[in-house]
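This briefing is meant for a reader who is meeting the structure for the first time. Please look over the sequence and the model before turning to the points that follow.

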Amino acid sequence: LEGALQMHRPSRQTCSLRWQALQLALLHLLGSAPRGALQQEFRRTVPMLLEALHEVGSCSLPGMSLALPPTLALLEWLLPDPTWGPKMEAHAERLVEALLPLVSYRPAATVRRAALHCLALLVKHVEYRHLHSYAAQVRKVVDSCLDDPKRAVRF
């Protein structure tokens, strides 16, 4: 999988539809992978997961509504875990950058709710010094969610 990602990686100036589809497929695979396998390969899978979330969150592809909920459920499982939660501190900034666009993902309320829940877990389980630079952006996104038409998102 890593080889396929490296082989098809576009240049920084262009972001192809093929690359985004490959990232979406990676999210779908990681979201449905066994948790034990992901724990064993934590150091390799988390950077790929965050890159794919960041890439897919900035575009709109047809399968996003199906691939994102299991992937965000995986993050909801990883963040409070006492073994893996502290290891996420190194990736906290990249995770916030990836989650912010997903909080305003309009086609699916489940994606918005799960992204908000991941942000809440991140604030709870990661030291504030890692998140301080994103405080204003997170507040702005959370404020916009208070007016969301879906009750599940407004929790």
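Once its neighbours within four places in sequence are left aside, histidine 130 is in contact with Glu89, Ala92 and Glu93. This is a predicted model, and the points below should be read with that in mind.

**Histidine 130**
- Histidine 130 lies in the loop that runs between H7 and helix H8, the latter covering residues 135-145.
- With a relative accessible area of 17%, histidine 130 counts as buried, because buried means under 20%.
- One of the residues that histidine 130 touches, Ala92, also belongs to the part of H6 that takes part in the contact with H7.

**Helix H6 against helix H7**
- The crossing in which H6 passes H7 is left-handed.
- On the H6 side the contact is made by Ala92, Leu95, Val96, Leu99, Leu100, Leu102 and Val103, while H7 contributes Val111, Arg112, Ala115, Leu116, Cys118, Leu119 and Leu122.

**Helix H4 against helix H6**
- From H4, the residues Leu50, Glu51, Leu53, His54 and Gly57 meet Arg94, Leu95, Glu97, Ala98, Pro101 and Leu102 of H6.
- The residues of the contact of H4 with H6 divide into six nonpolar, two polar and three charged.
- Leu95 and Leu102 of H6 take part in the contact with H4 and are also listed in the contact with H7.

**Threonine 83**
- Threonine 83 is placed in the loop between helix H5, which covers residues 64-78, and H6.
- Its relative accessible area of 45% makes threonine 83 partly exposed, whereas histidine 130 is buried.
- Although threonine 83 and glutamine 39 are 44 residues apart along the chain, their C-alpha atoms are separated by 9.5 Å.

Definitions and conventions: Residues numbered from 1 in each chain as written. Predicted model: local features only at pLDDT ≥ 70, side-chain atom pairs only at ≥ 80, totals over all residues. Heavy atoms only, no water. Left-handed = near helix turned anticlockwise from the far one by under 90°. Helix = DSSP H or I, 4+ residues; strand = E, 2+ residues; numbered from the N terminus. Contact = heavy atoms within 4.5 Å. Buried < 20%, exposed > 50% of the residue type's maximum accessible area, 1.4 Å probe, protein only. Nonpolar A, V, L, I, M, F, W, Y, C, P; charged D, E, K, R; others polar.
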